[in-house]
Structures are given as C-alpha cells and as structure tokens.
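Let's walk through this protein together, from the overall plan down to a few individual side chains.

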Amino acid sequence: MVLCICLGPKRSGKTHLLKALQDIEQVDDNSFSTPTIGTNIYNIVFPIDTNGDDNKPKPPPPPATETDDNENKTAEKRKKKLPPLKSIRVLEIGGAMAPIWRQYFNDVKKLMYVVDTSNLCQISAAGVLFYSILAEPRLQKVRILLVLSKMDYAYRQMRNEALLMLQMSKLKREIRQNITIVEVSPVTKVGLDGIYNWLKIP
C-alpha cells in the first residue's frame, strides 16, 4: 500500500481534514477536534465518480494497421500507466511531534502538509518546518501536497499572503519535488475533490 503521511503545525487542521476525507458527513460547523498527541491512521476510500463516466461503455477502437500495432506495443513498453488507487492509508503525525517527524520518513511516497491560512502568525513557523521537510534527502522523490486549509475562515487575500510568506515562487525554482497546492475547507467541503484526485495517483 502507498504510504502517505500528513504533517503540519499544531492546530493547522490536519485531523479535521482527514476526518472529512474519510467521511464527508463527519465534519460540519459544530465539529471540533483536539490537537493530536502522537499519531492517527485514516483509511480513506475514494468516492465513486457520480458522473458515471467510468461506467459508460467505451466505443471500440478503430482497426489497427500493422504499423499502428507496432507503435502501440512500443509505447506500452515505454510507459505502462498504473490504474488510479481506490483507497489509501494516511498517517497523521501530530504537530507537537515535529522534532521527531524524521523518524517517519522511511518508505514515504506521498506527503500532505497542512497550513492554517486563517492564522497568518503561524505561517512563518509553518514555512520553516516545510523547508526542513523539502530538504530531507529521503523525501527528494516524494509527491508533496501543500494544503491551504480553513479557507472558510480566511478572506481571499490570505491565500496570496500565505503563499508569499511561504516563499512558494522561490521554492519552486530551487527544489526537486513536485508540489501541488490546494485550497480546502473541511466544513464547506470546498477543495476535497482536488485532494482525492491527488491521493488517487499511484
């Protein structure tokens, strides 16, 4: 199983987010969570595409010529696409454990980093932790998802201020990892589809 870990400062919204991803009805305006002491494991099963596109019968391909057949075989050998994942296990590690996060970096394939965009005072500290993660040698080939959380509490300009304070433009030029950025609100459910799509990637 693909190993994904979820990190972020204390009270950045990791638990709320993962609960919403695990069960979309589990989080609402009245939900609350306490800071994670230690770790939590979430088994996330991806929702079925409601559009039904995956269930529609596909038209038969046109008859292939010998040349096309050879080209197709060559292309398949070069790159075989793996099917999207149907579920994933995510390990949440509490923000209070930041000094020992490195102990959990072995065999990680994906990493979610959650930042509370409604708390600009925390973002500088979140940036320092984020830089240390990106510099870790074991994470140089890991997929990174930067989650700008609690967008329901933030005004629109906070998103730009958060990215500016995290120095994302500079980071993208200097780091090897591919960083995907999503804006989410576990309460309003905005942005959850973007996280599901990222998690589905094998």
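First, a word on how to read the model. This is a predicted model, in which local features need pLDDT of at least 70 and side-chain atom pairs count only at pLDDT 80 or more, while totals for chains, interfaces and linings use all residues. Residues are numbered from 1 along each chain as its sequence is written, and side-chain values use heavy atoms, with hydrogens and water left out.

The pLDDT is the predictor's confidence in each residue, from 0 to 100. Its mean over the protein chain is 81, and 76% of the residues reach 70 or more. Within the chain, confidence is highest in S4, at 95, and lowest in helix H2 (residues 66-78), at a mean of 52. Where pLDDT is low, the predicted coordinates should not be read in detail.

Now for the overall plan. The protein chain has six helices and six strands; helices (H or I, at least four residues) and strands (E, at least two) are DSSP runs, numbered from the N terminus. Starting at the N terminus, the elements follow the order β-α-β-α-β-β-α-β-α-α-β-α. Of the 202 residues in the chain, 40% are buried, where buried means under 20% relative accessible area, exposed over 50%, and partly exposed in between (1.4 Å probe, protein chains only). If we take contacts (heavy atoms within 4.5 Å) between residues at least 6 apart in sequence, 81% of them join residues at least 24 apart.

Next, find the sheet. Its six strands form an open sheet with mixed pairing, in the order S2-S3-S1-S4-S5-S6. At the edges are strand S2 (39-45) and strand S6 (179-183), each pairing on one side only. Two strands count as paired if DSSP finds at least two bridges between them. On average, neighbouring strands of this sheet are turned by 25° against each other, direction ignored; the axes behind such angles are lines fitted to C-alpha atoms, for helices over the stretch in contact, and angles run from 0 to 180 degrees between N-to-C directions.

Which residues point each way from S4? Lys-110, Met-112, Val-114 and Asp-116 point one way, Leu-111, Tyr-113 and Val-115 point the other way, and all are buried. S4 runs parallel to S1, with four bridges joining the two, and parallel to S5, with seven bridges. Met-112 is a handy landmark here: Cys-6 stands opposite Met-112, and in S5 the bridge partner of Met-112 is Leu-145. S5 is mostly covered, with six of its seven residues buried. Five bridges then join S5 to S6, again in parallel, and Ile-144 stands opposite Ile-179 in S6.

Helix H1 (residues 14-22) lies across strand S1 (3-7), S2, strand S3 (87-93), strand S4 (110-116) and S5, running at about 30° to S2. Seven of the nine residues of H1 are buried, among them His-16, Leu-17 and Leu-21. The cover over these buried residues includes S1, S2, S3, S4, S5 and helix H6 (192-200). Helix H3, in turn, lies across S1, S4, S5 and S6, at about 165° to S4.

Let's finish with two residues. Ile-133 is in helix H3. Is Ile-133 buried or exposed? At 2% relative accessibility, Ile-133 counts as buried. Leaving aside neighbours within four places in sequence, its contacts are Leu-7, Trp-101, Phe-105, Leu-111, Tyr-113, Leu-139 and Gln-177.

Glu-136 is in the loop between helix H3 (120-134) and strand S5 (143-149). Glu-136 counts as buried because its relative accessible area is 5%. Not counting residues up to four places away in sequence, Glu-136 touches Arg-102 and Phe-105. The side chains of Glu-136 and Arg-138 are joined by a polar contact of 2.8 Å. A polar contact is a pair of N or O atoms within 3.5 Å; within protein, one must be able to donate a hydrogen and the other to accept it, and residues adjacent in sequence count only if both atoms are side-chain atoms.
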